[in-house]
Amino acid sequence: MALTGFDPQLVSTSINGVTSAYEDLIRALTTEMQNKFVDGMADKWACKDAQDFFTNKFKPAIDSLVKQTTTIFESVADAMNSAARNWAADTKTEYSTVAFTPNNTQIDVGNIQENIGGTRGVDVESTPGVVASLSQITSSASAALEKATSAVQNCGFVGGSQEANLVSSLSSIKTNLESTTTEMTGAVKSAIDQTVAQYGDTKGKIEAAFTGK
């Protein structure tokens, strides 16, 4: 007969691992995304198309992904804590709930402007490197998800499908992450093409105007 039960120390360690992975993931989706992509585009792309993309497509998509991620990670931590408390009560074992603190950071696209010093357009030569940062950020986020999955797979619960259910919840974030990144990469390239057709290639003029040169 297979054993069922839990190891309270392992559960605590696991939830701490999940929390650490969550912090890494949110850092990738907010801080890295802000610094590398949004701020990276601010001095290379300025026009109505740029504002429309970042305000109406990019920000809502990333903010939604961050919110979904937080909801799932919080539910994973809550499920693990709840199961551990139940096991502790059944087995007369001590267990202290591990706190989970949600991060409600949002992307700021206020530095994407309709024009900079009267210049509108996009620096075609410089933008591919900034767009490529989306893949780099996705890699950082995926690494955080792998970290979370590893923590859950050794979460201290024995028997049943508890671990499998938690891993399934985390895998849904990866699916959403990859889908969102693919969609946003295609959308930004399309919007940049529209900008080139309307305004042309600024070849460094926006960056110069942005920095006051």
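So, F54 and F58: both sit in helix α2, four residues apart, which is about one turn of the helix. Keep in mind that this is a predicted model. What do their rings do? The centres are 5.5 Å apart and the planes are at 70°, so we call that pair edge-to-face. Over 60 degrees is the cut-off for that label. Both residues are buried, with F54 at 0% relative accessible area and F58 at 0% as well.

Now, F54 has another ring partner. The centres of the F37 and F54 rings are 5.6 Å apart with planes at 40°, so this pair is tilted. What I like here is that it links distant parts of the chain: F37 is in helix α1, F54 is in helix α2, and they're 17 residues apart. F37 is buried too, at 0% relative accessible area.

Stepping back, the structure holds nine aromatic pairs. And F37, W45, F53, F54 and F58 make up one aromatic cluster.

Who else does F54 touch? Leaving out residues up to four places away in sequence, the list is F37, V38, M41, W45, K59, P60, V109 and I112.

Okay, on to the core. The largest nonpolar core has 56 residues, and those with the most contacts inside it are F37, M41, W45, F53, F54, F58 and F73. Which elements give two or more residues to this core? That's α1, α2 (48-91), α3 (127-153) and α4. As background, nonpolar side chains tend to be buried together in soluble globular proteins.

Let's look at V188, over in helix α4, residues 162-199. V188 counts as buried, at 0% relative accessibility. Skipping neighbours within four places in sequence, V188 contacts F37, M41, W45, F53 and V131. Also, the C-alpha atoms of V188 and K57 are separated by 9.3 Å, although the two residues are 131 apart along the chain.

Next, how do α1 and α3 run relative to each other? Their axes come within 8 Å and cross at roughly 175°, and the two helices are therefore roughly antiparallel. In that contact, by class, you get 18 nonpolar, seven polar and four charged residues.

Buried or exposed? T19 comes out buried, because its relative accessible area is 13% and the cut-off for buried is under 20%. Beyond residues up to four places away in sequence, T19 touches A99 and F100.

Notes. Residues are numbered from 1 along each chain as its sequence is written. This is a predicted model: local features need pLDDT of at least 70, side-chain atom pairs count only at pLDDT 80 or more; totals for chains, interfaces and linings use all residues. Side-chain values use heavy atoms; hydrogens and water are left out. Buried means under 20% relative accessible area, exposed over 50%, partly exposed in between (1.4 Å probe, protein chains only). Contact means heavy atoms within 4.5 Å. A nonpolar core is a set of buried Ala, Val, Leu, Ile, Met, Phe, Trp, Tyr and Cys residues joined through side-chain atoms within 4.5 Å. Axes are lines fitted to C-alpha atoms, for helices over the stretch in contact, and angles run from 0 to 180 degrees between N-to-C directions. Angles under 35 degrees count as roughly parallel, over 145 as roughly antiparallel, 65 to 115 as roughly perpendicular and the rest as oblique. Ala, Val, Leu, Ile, Met, Phe, Trp, Tyr, Cys and Pro count as nonpolar, Asp, Glu, Lys and Arg as charged, and the others, Gly among them, as polar. Rings of Phe, Tyr and Trp (its six-membered ring) pair if their centres lie within 6.5 Å; planes under 30 degrees apart count as stacked, over 60 as edge-to-face and the rest as tilted.
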